[in-house]
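Keep the sequence and the 3D view open, and try each task before reading its solution.

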Amino acid sequence: MQSSFIIHSVSIFIVFAILSCSKSEPENQQNISAKELSENWKDSFESDQINFAFETFYSQQDLLKSNSKIFPSNQKLQLSLQTIQLPPESVYLIGLKTNKSKSFFLENEKKEKKINPHQFGFTLDWNQQFNGSYLSAGLIITQSSQLRSFQALSDYIAIEYIGVPPGKNGRLQVSEKRAGNLRILHDEGWPLQQREGKLLGIQKILAQFSSQGLEIKENDNMLIHNHNTSLFEQPVFFYFFVQSHNNYYERTVFFDDIFVQPIKESLNNSEILRYTD
């Protein structure tokens, strides 16, 4: 009788231990995942929750009352911007930003700076705009922790798709502003060439900053090669945005596969602009 009681007690203890271990395992996995996510700034929007490395932003408070929306939808980030009957500001912007700045330089004990190479990029779905006039979407990189308008910034690099009137087509523009001076790095020859723009569909941008400079590709085509820029000498924020003038009904674009991540070493030109593990 006593031996049966002991066996029964031991069995209960073993079952309790197994249940306790199986309960703690997901918690440990969640902790590991959180740590990994905090070091890898990317989101493919496969869940309803945006990666905590990013946060939503609205350039003006009026946008919060305008039914403009920012949320993951069908494994993409939906940005719906409505500016109808808003005050006649020059532009309105909504989107995602990195919630902290990213440093592209490392400093050793001797205070010597060394470039910390990074890759970054995004995929944009222009969503077959019927009227893309005064609409643009893309990425702006700046040292400012707030984005109200491009004009308000003294320093930035912008990679943006811009609607071409009457609005069904668009064009890509890459620009840099340093100390208030604007320079167009790439504009597809517009307006002297391809004045009507091009049909925008799924556009993929991949970029890298390393000791070789800034490299930018669109759909595997090199646009910017070994561009020397001083923008990254200070920590920068990344803004994935859609922008519109006022008095437009809701217009929607989608983002996917946004990322900002370090790479282990500078890559040669044949290997450049590939996703790293």
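**Exercise 1. Find which residues lie nearest the centre of the largest pocket.**

Step 1: The largest pocket has a lining of 21 residues. A pocket here is an open set of points on a 1 Å grid over the protein atoms alone, where a 1.4 Å probe fits, with protein on both sides within 12 Å along at least five of seven lines; lining residues have an atom within 4 Å of a point.

Step 2: Nearest the centre are Gln151, Glu160, Ile162, Gln243 and His245.

A word on the model: it is predicted, local features need pLDDT of at least 70, side-chain atom pairs count only at pLDDT 80 or more, and totals for chains, interfaces and linings use all residues. Residues are numbered from 1 along each chain as its sequence is written, and side-chain values use heavy atoms, leaving out hydrogens and water.

**Exercise 2. Work out which strand gives the largest share of this lining.**

Step 1: Strands are DSSP runs of E, at least two residues long, numbered from the N terminus. Strands 9 (135–142), 10 (156–164), 11 (169–178) and 12 (181–186) each supply at least two lining residues.

Step 2: Strand 10 gives the largest share, with five residues.

**Exercise 3. Say how confident the predictor is.**

Step 1: pLDDT is the predictor's confidence in each residue, from 0 to 100. Its mean for the protein is 84, and 81% of the residues reach 70 or more.

Note on methods:
Helices (H or I, at least four residues) and strands (E, at least two) are DSSP runs, numbered from the N terminus.
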